[in-house]
Amino acid sequence: MNNAVVLVIEDDVPVRNLIITTLKTHDYKFLAAENGAEAIMMASSHNPDVVFLDLGLPDMDGTDVIRQIRSWSNMPIIVISARSDDTDKIEALDAGADDYLTKPFSVEELLARLRVTIRRLSLMNSESSDQSVYKNGKLTIDYSAGVACFGGEELKLTSMEYKLLCLLSRNTGKVLTHTYITQNIWGRSWDNDIASLRVFMTTLRKKIEPEADSPKYIQTHVGIGYRMLKVD
Ligand code: CA
């Protein structure tokens, strides 16, 4: 899917040019907008495959751009934030962003995020024919049977670990915040739920990560949340 059309929303000209040049060099098609109103209009009229969105826009907060786009589309949105403050990223992810990049970022990092997102798109497209069985590396989940296997062996999961695994797998490639996960699993998000989440994540990982020190399937985003990665 190297013909992906990427909408770049960024008011800072040097940063916008850097992103556009990078996309051009790697044969991606692109559109560019420099404020939120223009961005929303372009997103609705051109239906891009992926959006790169700066959170600090001149006319509105980037998080409001996400909310507006999410009212009619699930197109992947990768947030670009100059702010090192995690709360902005968390707010953007909870509003429906898929991933984030922190300024200053490298071109390699930008391309890596784009590849992860495009793989997520193609995974979603290939899954649309058969939604009931999930395959990722050695991991398979038969959602209708409620069975998860690793390397062909059935996993002995507690119901909480299974719920967590299903939630992460159904959102492969997307960063899920602690709040999003706990609200989906417990229907609330208290501090002790986030602490419990860490415990369940540790026990789940012991069952699906061959190397505890370098997890391949579930990535930790310190202070933010977790993401299931697509594994070959
Ligand atoms: Ca800006």
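This is a predicted model: local features need pLDDT of at least 70, side-chain atom pairs count only at pLDDT 80 or more; totals for chains, interfaces and linings use all residues.
Two packed helices are described by the angle between their axes and the distance between the axes. For helix 6 (residues 159-170) and helix 7 (residues 178-186), the axes come within 10 Å and cross at roughly 125°. That angle makes helix 6 oblique to helix 7, since angles from 65 to 115 degrees would count as roughly perpendicular and those over 145 as roughly antiparallel. The crossing in which helix 6 passes helix 7 is right-handed. On the side of helix 6, the residues that meet helix 7 are Met160, Lys163, Leu164 and Leu167, and their partners in helix 7 are Tyr180, Ile181, Asn184, Ile185 and Trp186. Sorted by class, this contact of helix 6 with helix 7 holds seven nonpolar residues, one polar residue and one charged residue.

Helix 6 also packs against helix 8 (residues 191-208), here at an angle of about 80° and with the two axes 10 Å apart. Helix 6 and helix 8 are therefore roughly perpendicular to each other. Helix 6 contributes Met160, Glu161, Leu164, Leu165 and Leu168 to the contact, while helix 8 contributes Leu197, Phe200, Met201, Thr203, Leu204, Lys207 and Ile208. Nine of the residues in this contact of helix 6 with helix 8 are nonpolar, one is polar and two are charged.

The remaining pair to be described is that of helix 7 and helix 8, which pack at an angle of about 90° with their axes 10 Å apart. Helix 7 and helix 8 are therefore also roughly perpendicular to each other. The contact is formed by His178, Ile181, Thr182 and Trp186 of helix 7 together with Asp193, Ile194, Ser196, Leu197, Arg198 and Phe200 of helix 8. In the contact of helix 7 with helix 8, five residues are nonpolar, three are polar and two are charged.

Within helix 7, the buried residues are His178, Ile181, Thr182 and Ile185. Viewed down the axis of helix 7, these buried residues fall within an arc of 90°, so they line one face of the helix. The elements that cover the buried residues of helix 7 include helix 6, strand 10 (175-177), helix 8 and strand 12 (225-228). Helix 7 is followed by Gly187, which has a positive phi near 75°.

A one-sided arrangement is also found in helix 3 (residues 62-70), whose buried residues are Gly62, Thr63, Val65, Ile66, Ile69 and Arg70. Because they cover an arc of only 155° around the axis, these residues lie on the same side of helix 3. The buried residues of helix 3 pack against helix 2, strand 3 (50-54), strand 4 and helix 4 (86-94).

Ser81 is found in strand 4 (residues 77-81), and it counts as buried because its relative accessibility is 1%. Leaving aside residues up to four places away in sequence, Ser81 touches Leu55, Leu101, Thr102 and Lys103. Ser44, in turn, lies in helix 2 (residues 36-46) and is partly exposed, with a relative accessible area of 45%.

Conventions:
Residues are numbered from 1 along each chain as its sequence is written. Side-chain values use heavy atoms; hydrogens and water are left out. Axes are lines fitted to C-alpha atoms, for helices over the stretch in contact, and angles run from 0 to 180 degrees between N-to-C directions. Helices (H or I, at least four residues) and strands (E, at least two) are DSSP runs, numbered from the N terminus. Angles under 35 degrees count as roughly parallel, over 145 as roughly antiparallel, 65 to 115 as roughly perpendicular and the rest as oblique. A crossing is left-handed if the near helix is turned anticlockwise from the far one by less than a right angle, and right-handed if clockwise. Contact means heavy atoms within 4.5 Å. Ala, Val, Leu, Ile, Met, Phe, Trp, Tyr, Cys and Pro count as nonpolar, Asp, Glu, Lys and Arg as charged, and the others, Gly among them, as polar. Buried means under 20% relative accessible area, exposed over 50%, partly exposed in between (1.4 Å probe, protein chains only). The arc is that of the directions from the helix axis to the C-beta atoms.
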